[in-house]
Amino acid sequence: MKLTEQVAGWAKRAGRWWRGLREDEAFRFALAFWAVYAVVIALVVVFDDDIHSVMKIYREAAADWWRGDPLYDPRPRNGFFYLPHAAMAFIPYTWFPERIGEMLWRWTMLAALAWSVWRLAGMFGGARPCWTFLTATVVTAVASFSAVAYGQTNTLLAAFLVLTVVALGRAAWKSGALWLLLALVAKPVGLVPFLLAGACYARRLTVPLLVGVALLAGVSFLHPKQDYEEEQYALFYQTMQVAQNTKKKHRFCDVQGIIQPFGLEVPGRAMNVLRVLAALAVLLLAWRAVRHYDAARGAFVCLLLAVLYLLLFNPRTETNSYVMLAPFVGILVAAAAAGPGFGPRFWWLAALAVTLTAENLGPLHQLTHPWLKPAATVAFAAWFVRDVVRRRDPLGLPAPAPESSGQRIVA
């Protein structure tokens, strides 16, 4: 028997076993997967000295806020590029020994990510939510490893956006506003889904979002040092202006990363025009989707469009930023795998899932950075947008059961 035939036979048997898992078995496997993941991350934190650079930025910002020192230095191109609330949120993790605090930070991110995947699987998993949770867990966990290992808040942003889908899909408007606000606290780029969802669900979200913004502002001004927060917001604005100006040689993983290996780059003004046009297209598509699909899929499409825009048009998209796409792809892979056979849609989505793990593949990552992930995401986005424009099930994502808010909600 040829090797290819043997491999094909093993794959078929593995596929049958995977599909044959009972719900209780799938749930236990998923929990075990996340538990092992947490242990591995703890070991990485303890023994790998190369993954603490990001944590140093958070720790220093938390200490600066506590002392009343400036959080920002507008001159460097790398540093603390977050709202003051992010520094405040990290303060409890500085109460522990350094590596213990860093381990707890990463476990917090893992817990948020696992919970978000579980909630999304409950919405779209139909009669097999635990099996869907397990399948989406494998995709999400593997794709998130690098981001979690480095402690980057992209992981929290991913979790908050997925939880926003669940909240909006179930007409939990206050919860949806809360997750959007937390996404903004996690990273300033959270402003994109904040504005997109606010526009698409204006009647429902405007008041909760405005109240939330007011509360966030009030919390930030609790600092005992007079005029401290006003100074920090001014410095934050200046720092963001610097952050938008990328290095002369483009090294980021946005859409320009596709042409970077050829020594090409889109001129700044042309790229800004392209970003504006893409933003308008995203707004139009999201608006239509929220009003055409059922509540759950409308929210899924809206937030996934926000993620695609952030990945392809944020000039500072990093390879670890693609963790934001992983839970969405995980659910789509599970939906494709739940059918009668592993068809082309499953294999295409599985291939995309593999590209999301590229930074874990050593030399292959060096050969494919920074073009592989944005190129695969462009292909995925084109496929996804085609379905939305034609008002098909978005990449085969079925409508959830009525008890999972499959009904349409007037936005």
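**Legends to close-up views of a predicted model**

**View 1. L156 and the residues around it in the predicted model.** L156 counts as buried, because its relative accessibility is 10% and the limit for a buried residue is under 20%. This leucine is found in helix 7, which spans residues 154–169. Leaving out residues up to four places away in sequence, L156 touches W105, M109, A112 and A186.

**View 2. The whole protein, for orientation.** The predicted model contains 17 helices and zero strands, and its C-alpha atoms fill a box of roughly 70 × 50 × 45 Å along the principal axes. A compact globule of 411 residues would have a radius of gyration near 22 Å, and the value of 21 Å for the protein therefore agrees with that expectation. Of the 411 residues, 52% count as buried, and among contacts between residues at least 6 apart in sequence, 77% join residues at least 24 apart. The accessible surface comes to about 19100 Å², with 67% of this area belonging to carbon and sulfur atoms.

**View 3. The largest nonpolar core and the surroundings of L205.** In soluble globular proteins, nonpolar side chains tend to be buried together. The largest nonpolar core here has 129 residues, and those with the most contacts inside it are Y201, L205, F300, L325 and F380. Helix 13, made up of residues 295–313, gives the most to this core, with 16 residues. When neighbours within four places in sequence are set aside, L205 is in contact with L168, W173, A177, L180, A197 and G198.

**View 4. The peptide bond between H369 and P370.** Most residues other than glycine have a negative phi, and most peptide bonds are trans. The bond that joins H369 and P370 is cis, with an omega of about 5°. P370 has its place in the loop that runs between helix 16 (363–368) and helix 17 (372–389).

View 5. R391, which is found in the segment after helix 17, has a positive phi near 60° although it is a residue other than glycine. With a relative accessible area of 47%, R391 is partly exposed. L395 also lies in the segment after helix 17, and this residue, not a glycine, has a positive phi of about 55°. Is L395 buried or exposed? L395 counts as buried, because its relative accessibility is 0%.

Terms used
Residues are numbered from 1 along each chain as its sequence is written. This is a predicted model: local features need pLDDT of at least 70, side-chain atom pairs count only at pLDDT 80 or more; totals for chains, interfaces and linings use all residues. Side-chain values use heavy atoms; hydrogens and water are left out. Helices (H or I, at least four residues) and strands (E, at least two) are DSSP runs, numbered from the N terminus. The radius of gyration is taken over C-alpha atoms; the globule rule is 2.2 Å times the number of residues to the power 0.38. Buried means under 20% relative accessible area, exposed over 50%, partly exposed in between (1.4 Å probe, protein chains only). Contact means heavy atoms within 4.5 Å. Accessible areas come from the Shrake-Rupley method with a 1.4 Å probe; for residues, only the protein chains shown count as cover. A nonpolar core is a set of buried Ala, Val, Leu, Ile, Met, Phe, Trp, Tyr and Cys residues joined through side-chain atoms within 4.5 Å.
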